Amino acid sequence: MKKTRTTSNENTAEKVLLVGVTQTQKERWLLAQSLEELANLTATAGGEVIETFVQIKSRFDPATLIGTGKARELAEICQTFDIDLIIFDKELSAAQIRNIEKITGVRIIDRTTLILDIFSMHARTKEAKLQVELAQLEYRLPRLVGFGIEYSRLGGGIGTRGPGEKKLEVDRRRIQQRISTLKRVLKKIERTKQVQRKGRKNIPKICVVGYTNAGKSSLVNALTKAQLVTSDKLFSTLDSNTSVLFVPPRHKMLISDIVGFLKNLPHDLIASFHATLAEVMEADMLIHIVDATAEDAEMKILTVNNVLEEMDAHKTPALLVFNKIDRLFEEEQQRLTEKYPNALFVAAKTGKGCYDLKQHLKNFFFKKP
Ligand SMILES: Nc1nc2c(ncn2[C@@H]2O[C@H](COP(=O)(O)OP(=O)(O)OP(=O)(O)O)[C@@H](O)[C@H]2O)c(=O)[nH]1
Ligand SMILES: [Mg+2]
């Protein structure tokens with residue numbers, strides 16, 4: 001077991017124990033990063049991380065993942081620190097959740113449930129709400145044990161929030177029906193948006209992609225007159241938003257801000273966001289924005305590239321833009337410049353570099369060869 005950190009939060013916050021498991025000592029560093037991210041996600045969802053439990057186990061136990069002995073250790077920690085909720089960094093089966101809950105007496109959720117919970121908190125438009133509901137139902141369906149059994153778990157707290165006022169459904173047949181309805185409605189929304197985009201087909205389309213919190217919305221605000229929500233919470237943007245980017249004296253482009261990416265985003269979740277992510281697929285150019293101050297910036301670049309590849313958008317021309325250079329050491333910027341010679345550097349917050357970026361976009365689309 002390894003003790004890591006405690007984040008402060010309001011007194012009412014749920015007290016959370018994070019659990020990370022890995023099969024080899026070598027993966028430990030990756031696990032530490034993943035747990036750091038899990039702690040940020042937990043704080044975004046309103047929880048307070050009290051303890052972190054790390055286990056290296058070469059073979060996972062199918063019943064409890066970590067093994068009964070370790071589950072008992074968790075139970076002790078929960079008692080000592082008065083823990084309300086355990087969040088596993090790994091996806092768990094319904095049986096594993098049930099078994100560990102039985103031993104610890106504490107509610108358990110996994111990383112995906114936490115992410116879906118944050119998504120449901122941040123969905124604002126009808127489209128985003130429907131997409132989140134679809135992702136939640138698709139995640140729950142294979143994990144339902146029997147009719148009604150799970151219902152008592154939906155008492156409230158992190159991991160139980162559903163889109164809008166709707167309580168999450170628990171009946172398998174009704175879930176299936178609802179999934180079909182949601183898919184149908186979303187398809188319709190997607191078609192309407194497609195028609196809208198066709199109407200603007202003569203205007204170049206740019207889509208800003210990047211890891212969550214890289215500064216996508218801030219960049220669109222800096223380049224246009226948009227006033228998109230920005231915050232240091234993860235996944236503040238769930239609804240795609242298109243703004244006009246004007247480069248004087250007469251050049252016009254469209255620029256879209258979309259949901260951010262994250263490592264190990266569940267596949268179903270990406271699929272549920274098809275209508276939103278169509279912005280990516282139909283863009284003429286992508287701006288791949290990176291938080292240059294992030295310790296693991298290069299891992300994040302790879303993650304974003306992987307998601308783009310999964311979406312079949314990796315062939316669209318992409319411009320790498322490092323953001324937040326107002327907080328970057330000069331030597332680090334130098335190193336990144338050498339490694340990524342075609343990248344641009346900006347500070348969306350102060351506007352630094354945005355003029356050059358606009359000129360670059362203008363030249364890309366309008367300069368005659
Ligand atoms: N110091 C500094 N902070 C910045 C800069 N650009 C953005 N930020 C901050 O970074 C955080 C995330 O910015 P957002 O624009 O919300 O990032 P995003 O990529 O849209 O994030 P999600 O929508 O949550 O995925 C906010 O707290 C911003 O104020 C910058 O150039 N410098
Ligand atoms: Mg955003």
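Mentor: Start with salt bridges across the interface of domain 1 and domain 2: the rule finds zero of them. Polar contact does occur there, in one residue pair, with both residues at pLDDT 80 or more. Keep in mind that this is a predicted model. The two domains bury about 1100 Å² between them. Of that area, 51% is on carbon and sulfur atoms. The size of an interface is often given in this way, as the accessible area lost when the parts come together.

Which elements of domain 1 give two or more residues to the side that touches domain 2? They are α3 (94-104), β4 (107-110) and α4 (111-122).

Now place the domains on the chain. The domain assignment gives domain 1 as 14-114, domain 2 as 123-184 and domain 3 as 201-366. The contact takes 18 residues from domain 1 and ten residues from domain 2.

Look at one residue of α4. Thr112 sits in that helix. Is Thr112 buried or exposed? Its relative accessible area is 5%, so Thr112 is buried. Leaving out residues up to four places away in sequence, Thr112 touches Glu91, Tyr139 and Pro266.

Leu144 has 9% relative accessibility, so it counts as buried. Ile158 is 14 residues away from Leu144 along the chain. The C-alpha atoms of Leu144 and Ile158 are separated by 19 Å.

Compare that with another pair. Ile87 and Gly159 are 72 residues apart along the chain, and their C-alpha atoms are separated by 9.5 Å. Ile87 belongs to strand β3 (residues 85-88). Its relative accessible area is 0%, so Ile87 is buried. What is Ile87 in contact with, leaving aside its neighbours within four places in sequence? Its contacts include Val16, Leu17, Leu18 and Val19. Leu38 and Thr42 are also among them.

Now the cores. The largest nonpolar core has 47 residues. Phe235 and Val280 have the most contacts inside that core. Take Phe235, again not counting residues up to four places away in sequence. It touches Leu41, Ile115, Ile118, Phe119 and His122, among others. Thr212, Val259, Gly260, Leu262 and Leu265 are also touched by Phe235.

Val280 leads us to helix α9. Helix α9 (residues 274-281) is mostly covered, with six of its eight residues buried. Which residues of α9 are buried? They are Ala275, Thr276, Leu277, Ala278, Glu279 and Val280.

Return to salt bridges, this time over the whole model. The count comes to 16 by this rule. One of the bridges joins the side chains of Glu73 and Lys70, at 3.3 Å from N to O. Both residues lie in helix α2 (residues 68-81). They are three residues apart, about one turn of the helix. An α-helix has 3.6 residues a turn, so residues three or four places apart point the same way. Glu73 has 32% relative accessibility, so it counts as partly exposed. Lys70 has 27%, so it also counts as partly exposed.

A second bridge joins the side chains of Glu127 and Lys193, at 3.1 Å from N to O. This pair links distant parts of the chain: Glu127 is in helix α5, Lys193 is in helix α6, and 66 residues separate them. Both Glu127 and Lys193 are buried.

Asp291 forms a salt bridge with Lys324, the closest N and O atoms being 3.2 Å apart. This pair, too, links distant parts of the chain, 33 residues apart. Asp291 is in strand β8 (residues 285-291). Lys324 is in the loop between β9 (318-323) and α11 (330-339). Asp291 has 15% relative accessibility, so it counts as buried.

Some salt bridges share partners. Such bridges join Glu127, Lys193, Arg197, Glu279 and Glu282 into one network. Glu279 is one of the buried residues of α9.

Methods: Residues numbered from 1 in each chain as written. Chains lettered and ligands numbered in written order. Predicted model: local features only at pLDDT ≥ 70, side-chain atom pairs only at ≥ 80, totals over all residues. Heavy atoms only, no water. Core = buried A, V, L, I, M, F, W, Y, C linked by side-chain atoms within 4.5 Å. Buried < 20%, exposed > 50% of the residue type's maximum accessible area, 1.4 Å probe, protein only. Contact = heavy atoms within 4.5 Å. Domains from an automatic or database assignment. Buried area = accessible area lost by both parts, 1.4 Å probe. Salt bridge = Lys/Arg side-chain N within 4 Å of Asp/Glu carboxyl O. Polar contact = N/O pair within 3.5 Å; in protein donor to acceptor, adjacent residues only side chain to side chain. Helix = DSSP H or I, 4+ residues; strand = E, 2+ residues; numbered from the N terminus.
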